[in-house]
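Please have a look at the fold before reading on.

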Amino acid sequence: MRARHLTMMGLGSAIGAGLFLGSGVGIAVAGPAVLVSYAVAGLLVVLVMRMLAEMASAVPASGSFSVYAERALGRWAGFTLGWVYWFTLVMVLGVEITGVARIVTGWVPGVPQWGVALAAVAVFAVVNLVGVRQFGEFEFWFALVKVVAIVAFLVVGVALALGWLPGTDPVGTSNLLGHGGFAPTGAAGIAAGLLVVVFAFGGIEIVTIASAEARDPQRAVARATRSIVWRILLFYVGAVAVMVLVLPWDAPQLVDGPFVAVLELAGLPGAARLMEVVVVLALLSAFNANIYATSRMAYSLAGRGDGPRVLQRVSRRDVPWVAVVVSVVLALVAVALNRLLPDALLGILLNAAGSSLLVVWVLVAVSQLRLRPRLEAAAGPEGLPLRMWGYPWLTGATLVALAGVVVLMLTDDAARAQLAATAGLVAVVVGIYAVSQALRRRSARASRGAAAESGA
């Protein structure tokens, strides 16, 4: 894959329903000051991605942060982080394809949701099995459609705000500063908004997972991560800024569909259906990228002896086809759970996945803190291809900020439940690791004993 493939893969996975649908929820709890929430969350993501890019450009690996955690903290950390991330994306796959099926069956009521889900999963299974270059090219154009849609929205929104559209006047700052002011719900609202938006940026880390299969990986991952960061900040912060400029923050239509609300205000016919198409494309693009990420993480874990050996099998095109098939099958299982147990088992599993990204970010920062001296020593006089700014102080500050997010989550009932479920998931994975290691040691002792007896 090339840098443009990596860039679009990160954008395709990170820009999804969290932006198109979730941004309205953030506005509802924080008002226009949700821009501060997005800026803080965006800054955290920029710093974490810089750390991850430093390690990925020096040591490209399909296991990415799982490999770096193993090198920095030990095998238990790599095992835990890899399988927690894999589980999280499997759950996300089910949610994404369920969302697609619900929207499409609204267009064609006679088609069952399971039929739409099965067809979509089959198509993307083929895309991921054909070959990595073909996958990258497909994801590039797929994600590009979504990016063009957001850029078009920004153009329409700015024209609407400036009164350039027929029958409109400049909006000024009446919506931004009126209706209770810029921060109508105060600092508490900004904090609540941060909890809503902080995980919306998840998916950008896939760039570093793909770095191992990139052409000239060191340059490709450095270039891709630099460009992705500012593009995502532009799309997220820019789109939300348009929303709070042209509509009052407490307008009910913002919660129902913020993009649709702005486009309808601009007088564009069929805005709701247009955005439904964009959301479907966004979800499918993210689904495609996440199949790639889960399969490569499983392949990497198996290669390090931390997963079933069968996951290492590759096709003639060097695609880990067993890992891809497992991800696809489990996506269908998640869809079934979503239909059969939406408020029971699936709710627990989704809660466990909800804040697992926080685990990834924390261990990325800790890994970078510990690996930086080793990476510099290995790089020699040429130095690292990409460096984290202000090491070690900025890395430490990022860890403090992430700890602050955890404290905020403890003050919110729903977020607290997510933290508890994620802690339970981590405990289960660590327990599995401990049991597997104990069995390995017992097997090794038995083998040594058998060898000693045969030698005697």
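The report below covers the basis of the model, its salt bridges, helix packing, a surface patch and some backbone details.

## Basis of the model

This is a predicted model, in which local features need pLDDT of at least 70 and side-chain atom pairs count only at pLDDT 80 or more, while totals for chains, interfaces and linings use all residues. Residues are numbered from 1 along each chain as its sequence is written, and side-chain values use heavy atoms, with hydrogens and water left out.

Helices here are DSSP runs of H or I with at least four residues, numbered from the N terminus. For burial, a residue is called buried under 20% relative accessible area, exposed over 50%, and partly exposed in between, using a 1.4 Å probe and protein chains only.

## Salt bridges

A salt bridge is counted when a side-chain nitrogen of Lys or Arg lies within 4 Å of a carboxyl oxygen of Asp or Glu. By this rule the model has seven salt bridges. One of them pairs the side chains of Glu54 and Arg372, with 3.0 Å from N to O. This pair links distant parts of the chain: Glu54 sits in helix α4 (residues 34–58) and Arg372 in helix α18 (residues 356–379), 318 residues apart. Both Glu54 and Arg372 are buried.

Arg372 also meets the side chain of Glu376 in a salt bridge, at 3.2 Å from N to O. Glu376 and Arg372 are four residues apart in helix α18, so about one helical turn separates them. Through shared partners, salt bridges join Glu54, Arg372, Glu376 and Arg387 into one network.

## Helix packing

Helix α7 (residues 113–130) packs with helix α15 (residues 271–303) at an angle of about 50°, their axes being 10 Å apart. The axes are lines fitted to C-alpha atoms over the stretch in contact, and angles run from 0 to 180 degrees between N-to-C directions. Angles under 35 degrees count as roughly parallel, over 145 as roughly antiparallel, 65 to 115 as roughly perpendicular, and the rest as oblique. α7 and α15 are therefore oblique to each other, and α7 passes α15 in a right-handed crossing.

In the second pair, α4 and helix α19 (residues 393–410) pack at an angle of about 130°, with their axes 10 Å apart. That makes α4 oblique to α19. The crossing of α4 and α19 is left-handed. As for handedness, a crossing is left-handed if the near helix is turned anticlockwise from the far one by less than a right angle, and right-handed if clockwise.

## A nonpolar surface patch

Leu129, Trp321, Val325, Val329 and Val333 make a nonpolar surface patch of about 380 Å². Patches are made of residues with over 30% relative accessible area and no salt bridge; nonpolar side chains (Val, Leu, Ile, Met, Phe, Trp, Tyr) are joined within 5 Å, and like charges within 9 Å. Accessible areas come from the Shrake-Rupley method with a 1.4 Å probe, and for residues only the protein chains shown count as cover.

Which helix gives the patch its largest share? Helix α16 (residues 321–340) does, with four residues. Val325 is placed in helix α16 and counts as partly exposed, at 36% relative accessibility.

## Backbone details

Most residues other than glycine have a negative phi, and most peptide bonds are trans. Ser64 is not a glycine, yet has a positive phi of about 45°. Ser64 lies in the loop between α4 and α5 (65–73) and is buried, with a relative accessible area of 0%. Asp318, also not a glycine, has a positive phi of about 65°. Asp318 is found in the loop between α15 and α16 and is exposed, at 57% relative accessible area.

A cis peptide bond joins Tyr391 and Pro392, with omega about 0°. Pro392 is in the loop between α18 and α19.

Definitions and conventions
Helices (H or I, at least four residues) and strands (E, at least two) are DSSP runs, numbered from the N terminus.
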